[in-house]
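Here is a short briefing for a first look. Please have the sequence and the model open as you read.

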Amino acid sequence: MAVGPSATVTAAGLQAPAAPDAAGAAWRRLGRLKWGVGGAAVFLVVVLSAVLAPVISPHDPLSVDIRHRMVPPAWMDGGTREHLLGTDQIGRDLLSRVIWGGRVSLVVGVSAVLLSATIGVLFGLAAGYFAGQVDWSIMTLINVMLTFPFVLLALAVIAVLGPSVPNMITVLGVTGWPVYARIIRAETFALREREFVLAARALGMSHARIIFRQILPNLVSPIVVVATLQIAQVIILESFLSFLGLGVQPPTPAWGNMLGEGRVYMLNSWWIAAFPGLAIFITTLVINLMGNGLRDWLDPHMKL
Amino acid sequence: MRRYLVRQLVQLVVVILGISILAFSILHIIGDPVTLLLPQNAGKEEYVRYKHLMGLDQPIWIQYWKFATGAVQGDFGRSWYGNAPAFRLVVDRMPPTIYLTLAGLGVALLIALPLGVLAALKRHSFVDTLCTLLAVAGQAMPIFWLGIMLIIIFAVRLRLLPASGYGTWQNFIMPAFCLGAFLAPITMRLVRSGIIEVMNMEFIKTARAKGVAERMVVVKHAFRNACIPVITVLGLQFGQLLGGAFITETVFAWPGVATLTVDSIRNQDFPVVQCAVVLLALIIVIVNAFVDLLVGLIDPRIRAGA
């Protein structure tokens, strides 16, 4: 592995603050990290509950009980302890459905992010390392992609491909890469003139070897941070597509389609729409906190 | 200045070309219009006949050329569903989308400017922490959920505002707030970091040394200079803003381009989808170019560099 400039940057960052403020800065940093750690802890709970859904969910998320439809949450009048968050329009247990719904969001979020990070990092490395015409072409492509609102592009492609989970992962993965490419390109630009890269080139290393063995290891921090933050964005987008009925199809529980179905009943039963949305909000919130914490921890000077 | 303009223009043309290729390939390369248009039980023979009839058996670049020359003249074909020109349908739905976007932008600035400035001037204070929390929460908020919650609270429970629809100023309040809440966090961060950066500059020290009142330093010197990065990024964010408007529209049944697009997707009406995608992207490109130009005019450093 190359001598890590990210390590030097961190070290410089630690030495830099003037003596009187150093303690205060350290405390503040710890204070910020506290949010990150808290976020990570809650995120772990979300992940575990999704993984353990078959074990922990009190009811079958698909079992219909028409006699107990639209039962309000336990703490309201008419609620029962049997259904803590109430039931939906055809009597399915809302808590169980919210727990199961997390599976889709997390699987889609993580897979799409892996896909788009891979594409984006490759494009970014190529643009930053080779510069010139390669850079120009890739930057043009990035500009075109970024011009489209992510939502619009994803919608248009889903419209043609038809809604399904694999299609959604492909679409979100393939349309999401410019974010990574832009950041990695800028970082690679800065690295390619550094001594260790010049030395590697002087030693006659192949381009591929320099890119993947010398440059890429130094870009792990920004990639991890951006990918973490992007999971939240992808989850929101996936939910939106499912909300419109263009994503995960009922009866499979997903936060988005539950929200879409619940919206019809918001006049009488607000909880059907409220809780799936709350689950999306909490999940993306803790992912963002975690991502920000990671950034502060890995490299407080990172400009993202 | 002329070189700057030429460079901007070349980039504009290239991006528009790219958009048209992307919009074309979504329907013609990823999907197959003939299978989408014909009924499921259509035979092989009919498939071939229709393919020929629609000119889809020609080489792909000829098809693209036809699409592009038509598009330049505002001809995106007829809607498969409503039998009206796709272009007309989309353009008719444009004004509500634009009004909503502007209203959302207004709300976002109304929230972000004062909070961002305050957070920058009183760093690490209560206001600053509050702003950071608000920004993090705002970024995680799915606006379609926020919209639904607003409807439940203000329309269903309190009966203060109409749940959906278009026409009166009351209709604007919830959608505009929703969209504003979507854009405000990032704008607030930008204003904050912009002001912090500017406040550390030499000319601020000079102004203070001259004895200019602190309020005037902030308003006249710092704020104006902090506006440049804010305008730039707001311009770049315009695409996101339209994307947000898109989401907001579908929640509040706003009769704009987004509702039309989603309906068209449900009806498999692809000329309309294609037309909406191209026109929205075009608007974004033009706004971006305009913002670049504006910033170049305000700040000579940008004209000279990059």
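Leaving aside its neighbours within four places in sequence, which residues is A:Gly260 in contact with? They are A:Ser242, A:Phe243, A:Leu244 and A:Gly245. Keep in mind that this is a predicted model.

**Chain A overall**
- Chain A has 13 helices and zero strands.
- Chain A holds 304 residues, and 47% of them count as buried.
- Take the contacts in chain A with a separation of 6 or more: 71% of them come from residues 24 or more positions apart.

**Confidence in chain A**
- The mean pLDDT of chain A is 84.
- In chain A, 88% of the residues reach 70 or more.
- Among the elements of chain A, helix H4 (residues 94-130) has the highest mean pLDDT, 93.
- Helix H1 (residues 5-15) of chain A has the lowest, 40.
- Over residues 1-20 of chain A, pLDDT stays under 50.
- The model has 20 contacts beyond four places in sequence for that stretch.
- Where pLDDT is low, the predicted coordinates should not be read in detail.

**A:Gly260**
- A:Gly260 sits in helix H12 of chain A.
- A:Gly260 is buried because 25 other C-beta atoms lie within 10 Å, and the cut-off for buried is 20 or more.
- A:Ser239 is 21 residues away from A:Gly260 in sequence. In space, the two are 9.2 Å apart, C-alpha to C-alpha.

**B:Pro96**
- Helix H6 (residues 94-121) of chain B contains B:Pro96.
- B:Pro96 counts as buried because it has 22 C-beta neighbours inside 10 Å.
- Not counting residues up to four places away in sequence, B:Pro96 touches B:Tyr166, B:Trp254, B:Pro255 and B:Gly256.
- B:Tyr166 is 70 residues from B:Pro96 along the chain, and their C-alpha atoms are separated by 8.2 Å.

**The largest nonpolar core**
- The largest nonpolar core has 164 residues.
- A:Ala154, B:Val90 and B:Ala276 touch the most other members.
- H4(A) gives the most to this core, with 16 residues.
- A:Ala154 touches A:Val171, A:Leu172, A:Thr175, A:Leu237 and A:Leu241, not counting residues up to four places away in sequence.

- Helix H9 of chain B covers residues 169-199.
- A straight helix of 31 residues would span 45 Å at 1.5 Å a residue.
- H9(B) spans only 39 Å between its end C-alpha atoms.
- H9(B) has a kink of about 40° at B:Ala184, shortly before the proline B:Pro185.

**Where the chains meet**
- On chain A, 38 residues are in contact with 39 residues of chain B.
- Five helices of chain A each supply at least two residues to the side that touches chain B: H5 (132-147), H6 (150-161), H11 (220-243), H12 (255-263) and H13 (270-298).
- H13(A) gives the most to this side of chain A, with 10 residues.
- The residues on this side of chain A divide into 29 nonpolar, seven polar and two charged.

Definitions and conventions
Residues numbered from 1 in each chain as written. Chains lettered and ligands numbered in written order. Predicted model: local features only at pLDDT ≥ 70, side-chain atom pairs only at ≥ 80, totals over all residues. Contact = placed C-beta atoms within 7 Å. Helix = DSSP H or I, 4+ residues; strand = E, 2+ residues; numbered from the N terminus. Nonpolar A, V, L, I, M, F, W, Y, C, P; charged D, E, K, R; others polar. Buried ≥ 20, exposed ≤ 12 C-beta atoms within 10 Å, placed from the backbone. Expected span 1.5 Å × (residues − 1). Bend = angle between axes of the 7 residues up to and from the residue. pLDDT = per-residue confidence, 0-100. Core = buried A, V, L, I, M, F, W, Y, C linked by C-beta atoms within 7 Å.
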